[in-house]
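Student: I am new to this structure and would like to go through it step by step. Can we take it in questions and answers?

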Amino acid sequence: METMENIRSRQSYRAFKPDTIPWKVMQEIIEAASNSPTYMGTQPWEMAVVTGKKKEQLSQKLLELAKSNAPTSPDIPVPTSWPAELDQRKHEHGARRLSTLGIKREDKEGREKMRLLNFEFYGAPCAVFLYMDGSLGEWSIFDMALFTQNLLLAAYARGIGSVIQASVTEYAKEIKQVLGIGLHKKLLVCISMGYPDPDATVNTYRSLKKKPEEFVTWYE
Ligand SMILES: Cc1cc2nc3c(=O)[nH]c(=O)nc-3n(C[C@H](O)[C@H](O)[C@H](O)COP(=O)(O)O)c2cc1C
């Protein structure tokens with residue numbers, strides 16, 4: 001796929017076909033993403049690729065925790081407030097996603113079902129976790145984010161859809177325990193990956209994007 005087309009048409013997918021991603025394809029995508037720029041070439045990325053029985057075991061654990069609203073332990077604190085403009089976008093995004101699925105705001109059960117799908121990795125055959133050493137700070141998070149986007153785009157170029165999920169990483173401690181990752185590591189993000197289900201309504205959702213004139217100041 002042509003690069004500009006790839007960047008422009010990527011979207012988050014939240015429903016997948018059961019088909020597994022061939023090992024070779026996954027390796028090719030990861031290798032491509034490892035060409036990401038990093039602060040002084042430090043390459044802080046560490047990655048867990050979780051499929052099969054292990055993914056089911058982890059999903060069961062996460063669902064238990066999420067259903068009982070167990071205390072969370074995110075390594076990156078969840079923002080408690082947003083500037084008004086961003087807060088409005090956040091609400092708009094939530095409302096538009098619900099309306100794509102025909103779920104009403106007052107339908108608590110429907111909203112809860114939608115939330116819990118996060119912990120089933122939206123039915124994706126593969127869940128990826130990105131983490132780094134716990135001693136690292138903001139610049140390394142920047143590096144991790146660049147890697148993340150390259151991973152998404154490389155996957156998309158091979159027909160693989162994905163969705164980044166901060167909600168899942170709220171249970172960082174338990175995820176690290178299940179995967180045998182040292183508790184001193186900082187878990188940044190979960191990415192569910194698989195071949196998009198073309199018939200799923202949820203995949204028709206398109207988020208709104210700012211126009212360049214809303215955020216760019218030109219100087220000369
Ligand atoms: C840091 C981060 C965390 C996210 N967490 C979640 C999540 O927990 N669950 C989810 O369904 N989508 C999550 N998303 C996906 C966003 O909702 C999505 O990227 C955004 O609405 C823009 O839509 P698009 O990816 O289709 O362009 C997350 C995205 C980012 C970058």
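Student: Helix α4 covers residues 84–100. What distance does α4 reach from its first C-alpha to its last?
Tutor: This is a predicted model, and the value is computed from it. Helix α4 has 17 residues, and at 1.5 Å a residue the expected reach is 24 Å. The helix comes close to that expectation, with a reach of 24 Å.

Student: How many of the 17 residues of α4 are buried?
Tutor: A residue counts as buried if 20 or more other C-beta atoms lie within 10 Å of its own. Helix α4 lies largely in the open, because the number of its residues that are buried is zero.

Student: Which residue with a positive phi follows α4?
Tutor: Most residues other than glycine have a negative phi. The residue here is a glycine, with a phi near 70°. It is G102.

Student: Where is Q43 found?
Tutor: Q43 is not a glycine, yet its phi is positive, about 45°. Q43 has 15 other C-beta atoms within 10 Å, so it is partly exposed. Its place is the loop between α2 and β1.

Student: Does F121 count as buried or exposed?
Tutor: F121 also has a positive phi, about 55°, although it is not a glycine. The residue lies in the loop between α5 (108–117) and β2. Because F121 has 27 C-beta neighbours inside 10 Å, it counts as buried.

Student: Over how many bridges do β2 and β4 pair?
Tutor: Strand β2 holds residues 126–133 and strand β4 holds residues 185–194. F129 has C190 in β4 as its bridge partner. The two strands pair in the antiparallel sense, and the number of bridges is eight.

Student: Which residue in β4 stands opposite Q165?
Tutor: Strands β3 and β4 pair in the antiparallel sense over five bridges. Q165 is one of the residues of β3. Opposite Q165 stands C190.

Student: Which residues of β3 point the other way from G161, V163 and Q165?
Tutor: In a regular strand the side chains alternate between the two faces of the sheet. Strand β3 is mostly covered, with five of its five residues buried. G161, V163 and Q165 point one way, and the residues that point the other way are S162 and I164.

Student: Which residues have the most contacts inside the largest nonpolar core?
Tutor: This core has 40 residues. The elements that give two or more residues to the core are α2 (23–33), α3, β2, α6 (138–157), β3, α7 (172–179) and β4. The residues with the most contacts inside it are A127, F129, L151, A155 and M193.

Student: With which residues is A155 in contact, leaving aside its neighbours within four places in sequence?
Tutor: A155 is among the residues with the most contacts inside the largest nonpolar core. Two residues are in contact if their C-beta atoms lie within 7 Å. By that test, the partners of A155 are I29, I160, S162 and M193.

Student: And which residues does A154 contact, with the neighbours within four places left aside?
Tutor: A154 has its place in helix α6. With 20 other C-beta atoms within 10 Å, A154 is buried. Its contacts are I29, A32 and A33.

Student: Finally, what is the radius of gyration of the protein?
Tutor: The protein has eight helices and four strands, and its C-alpha trace spans about 55 × 50 × 35 Å along the principal axes. A compact globule with 220 residues would have a radius of gyration near 17 Å. The value for the protein agrees with this: 18 Å.

Notes:
Residues are numbered from 1 along each chain as its sequence is written. This is a predicted model: local features need pLDDT of at least 70, side-chain atom pairs count only at pLDDT 80 or more; totals for chains, interfaces and linings use all residues. Two strands pair if DSSP finds at least two bridges between them. A nonpolar core is a set of buried Ala, Val, Leu, Ile, Met, Phe, Trp, Tyr and Cys residues joined through C-beta atoms within 7 Å. A residue is buried if 20 or more other C-beta atoms lie within 10 Å of its own, exposed if 12 or fewer, and partly exposed in between; C-beta atoms are placed from the backbone. The expected span of a helix is 1.5 Å times one less than its number of residues. The radius of gyration is taken over C-alpha atoms; the globule rule is 2.2 Å times the number of residues to the power 0.38.
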